Amino acid sequence: MTQYNVTGMSCAACVARVEKAVNQVPGVSGCAVSLLTNSMGVEGAADSAAIIRAVEQAGYGCSAKGAEKAPSAAEDTLADHETPKLKRRLIASIGFLAVLMYFSMGHMMWGWPLPHWFDGNHVAMGLVQLLLAGIIMVINQKFFISGFKALWNRSPNMDTLVALGSMASFVWSVYALFAMTDAQVRGDMAGVMTYMDEFYFESAAMILTLITVGKMLEARSKGKTTDALKGLMDLAPKTATLVRGGQEVTVPIEQVQKDDIFVVRPGESIPVDGVVLEGTSAVNESALTGESIPVDKGAGDGVSAATLNQSGFLRCRASRVGADTTLSQIIKMVSDAAATKAPIAKIADRVSGVFVPAVISIAVITTIVWLLLGREFSFALARGISVLVISCPCALGLATPVAIMVGNGVGAKNGILFKTAVSLEQTGKTDIVVLDKTGTITEGRPKVTDIVSEGQEAQLLKLALALESKSEHPLAKAILEEGATRGMRIAEVTDFEALPGNGLQARLDGKALLGGSLKFISGQVSVPADMTTKAQSLAEQGKTPLLFAYDGAFAGMIAVADTMKSDSPQAIRELRNMGIQVVMLTGDNERTAKAIGAQAGVDQVIAGVLPDGKETVIRRLKAKGKVAMVGDGINDAPALTRADTGIAIGAGADVAIDAADVVLMKSSLLDVPAAIRLSRSTLRNIHENLFWAFFYNTIGIPLAAGCFVGLGLTLNPMFGAAAMSLSSFCVVTNALRLNLCKLYDGSHDRKRSHKARNGQNDMVKTIHIEGMMCHHCEAAVQKALEAVDGVTSAQADHEKGIAVVTLSKKVDAAALKKAIKTEGYKFISIE
């Protein structure tokens, strides 16, 4: 996606006009314009010059964004330049408006005193109002320049409505002033007083002033929606201390090159991504990951820009600089997401495209109808002007992008990155979350969990360390880590040999030392019965028991397992409380997988799945509802891509994972329900904004047109302008409430109604089966049942003698019975 800056847009109609113009350029495959950030993202192979030319021909300014901006150079893009200008305009407008209101209404309505030379001089009164209103119109000339330019380009926008309403009030008032002057010359004092009442100079000025108030409030609030992104940019250090020629030199961050050597002292921020060459320290990475606990760093470890060196002196080599740093990639991801459109925004876009022309037409028809009904021209004109100034396409245009921007910002602050507005919207609609076991639910590396010996734990560990020190197996590394933690010395062995499928053997002090599975050791030495039972028990818990023998005697047993992350059960519990089905996907055997699944609390375990088979499982689960796949983004890439939402967990510095829609910086599974919670809150906020925008215009336009005159309800153009100015402000302010979203608080979670893709509710049936003896039987029954049309999933349990099937439609019991019988098992009943 190529990014552009677009200037001159004022409302959703402008957005629609720009998108229409760019989409007509040959080679453009997609275009998304953001009114919030005044930016445009274009996909395709079209020439940049052609795109810029198309935007300019549509009546707007356009320029390509710098492709290789570092965070420090990009800050100006999001700086609030508009609010100070609007503030100056507003102050000047209010000053002149106060004087105008004194002359136009204070004297006439409340008898406020005027200089004596105005006594009876109604023409002078009109000229003063003309002059003051004219000054205010000049101060707010931007509305007229933008509005009439857009009208000339046949793309009327919000400024067009304001300009037409204000100009109509002013032009009619000028006509009334001339007519009053003629009446005074003729001595027709009754006519003079009649035309005095026709002055709308104060309305022309008040409309502009109130809209400016709304614009300023809107600009200030819009500035706050990008606070999170600007906060990320502020994190980028401005300088770095490089080592050149043996001397330390402080240079601007832009001058740091790849492979430069830089140093970081305690309390300083790390300037660019790099690798530690020497030194140790604790580094606070909360700026990127949201994790407040510092991470220990030493030689060979990677460090990221904008993280804080807390304790030691570090000497590092720069590995990624400028736009390639992790911080820059995060900023780009958040910016790109803001430049995309959520599907829910399409309805507002369709309305915005015809909104302003429709409003102008309604205003003209309103004026004509009231004239045909015999009302005076001033009344009819006031109704038409009210329709023009109360209509607010801005609220429609801002309803979605402001919520998307704030939601993305909140996520980024917590290490949750949504790549597009689509992923932010879709994540909250998830029905099924599929979790890869290794590295997602579990730590991803084996650890020693149990040491079983006859009071000789230290001796057993010493023997295990000596034998396993020669092995490259992951289980051996777990034992070596345990020994290192205890500070134990490793004894030397001789004649080491790995026995594939069995274990290891060597000689220690001239005596035979063996290690391996229960089957292997039992064939070499006598294993006590209680140890055999214990080994089987550990295996059922998902652990791998390693048995050892020394000098012909059984020495003991060490159990190793890929331990579960401490927060995984809580995260899975929160997902289930949200009404989401949780499925664990693993390549482990059925016994180990079920043990881990039971500890984690998942709804379903799918075991024995190879990496290339995960994508097939996701495709099958998608028949039941919207699926989110959570994995590490490497081995799981096909599955992440196939899922409705791909979530890469534990990305760390590698945030640019192509296969993922959502990137979680930390390895905590709690970020998954947090991401879904944020998505749901954002979607709810968008619905509120759209409701307000449509409701406001649905009620406001008929009221302004005079449809409720019979009930005594009419709308002065000035009040219409006030309502318009506040509508956009309300939408933006409501979006800012997302900053209060408690991502990790599940106390207010609500379950979503889960419906199958074919529109029917899933049905769950339990089948009682006789003849299943082992896990292989379970797999055979499961495969047979899932082959039946209408069965979306099946889970068999040989111990309970049942199979639980999930049906997407009504399935004849005879078909299920036949499938079971074909595999050689007996169908008992179904409930």
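**Notebook: helices, sheets and cores of a predicted model**

I began just after helix 6, where Arg 154 takes a positive phi of about 55 degrees. The model is a predicted one, in which local features need pLDDT of at least 70 and side-chain atom pairs count only at pLDDT 80 or more, while totals for chains, interfaces and linings use all residues. Residues are numbered from 1 along each chain as its sequence is written, and side-chain values use heavy atoms, with hydrogens and water left out.

**Entry 1. The whole chain**

I looked up the secondary structure and found 30 helices and 30 strands. Helices (H or I, at least four residues) and strands (E, at least two) are DSSP runs, numbered from the N terminus. Of the 831 residues in the chain, 54% are buried; I take buried as under 20% relative accessible area, exposed as over 50%, and partly exposed as in between, with a 1.4 Å probe and protein chains only. I then turned to contacts, meaning heavy atoms within 4.5 Å. Among those between residues at least 6 apart in sequence, 70% join residues at least 24 apart.

Is Thr 160 buried or exposed? Thr 160 counts as buried because its relative accessibility is 1%. This residue lies in helix 7. Leaving aside neighbours within four places in sequence, I found Thr 160 in contact with Gly 147, Ala 150, Leu 151 and Ile 360. A polar atom of the Thr 160 side chain lies 2.8 Å from the backbone oxygen of Gly 147.

**Entry 2. Helix 16**

I checked helix 16 (residues 401–413) in the same way. Its 13 residues reach 18 Å from first C-alpha to last, close to the 18 Å expected at 1.5 Å a residue. The helix is mostly covered, with 12 of its 13 residues buried; among them are Pro 401, Met 405, Asn 408 and Val 410. Helix 16 is followed by Gly 415, whose phi is positive, near 75 degrees.

**Entry 4**

I counted two strands as paired if DSSP finds at least two bridges between them. Strand 1 (residues 2–7) pairs with strand 3 (residues 39–44) in the antiparallel sense over 4 bridges, and Asn 5 has Ser 39 as its bridge partner in strand 3. Strand 2 (residues 28–34) is joined to strand 3 by 6 bridges, again antiparallel; here the bridge partner of Ala 32 is Gly 41. Strands 2 and 3 form a hairpin with 4 residues between them, and Asn 38 in the turn has a positive phi of about 50 degrees.

In what order do the strands of the open sheet run? I read 16-21-20-19-18-17 for its 6 strands, with antiparallel pairing. Strand 16 (442–452) and strand 17 (494–499) are the edge strands, each pairing on one side only. The twist averages 20 degrees from one strand to the next; axes are lines fitted to C-alpha atoms, for helices over the stretch in contact, and angles run from 0 to 180 degrees between N-to-C directions.

Strand 20 (residues 544–550) and strand 21 (residues 553–564) are joined by 7 bridges, and Leu 547 has Met 557 as its partner in strand 21. I also looked at two helices on this sheet. Helix 22 (residues 529–540) touches strand 16, strand 20 and strand 21, and its direction makes about 10 degrees with that of strand 21. Helix 19 (residues 457–468) lies across strands including strand 18 (503–508) and strand 19 (511–516), and runs at about 75 degrees to strand 21.

**Entry 3. Nonpolar cores**

I defined a nonpolar core as a set of buried Ala, Val, Leu, Ile, Met, Phe, Trp, Tyr and Cys residues joined through side-chain atoms within 4.5 Å. Of the 95 residues in the largest core, Met 9, Val 18, Val 22, Met 40 and Ile 51 touch the most other members. Helix 7 (residues 158–185) gives the largest share of this core, 11 residues. Apart from it lies another core of 47 residues, among them Val 410, Leu 435, Ala 674 and Leu 678.

How values were computed: A polar contact is a pair of N or O atoms within 3.5 Å; within protein, one must be able to donate a hydrogen and the other to accept it, and residues adjacent in sequence count only if both atoms are side-chain atoms. The expected span of a helix is 1.5 Å times one less than its number of residues.
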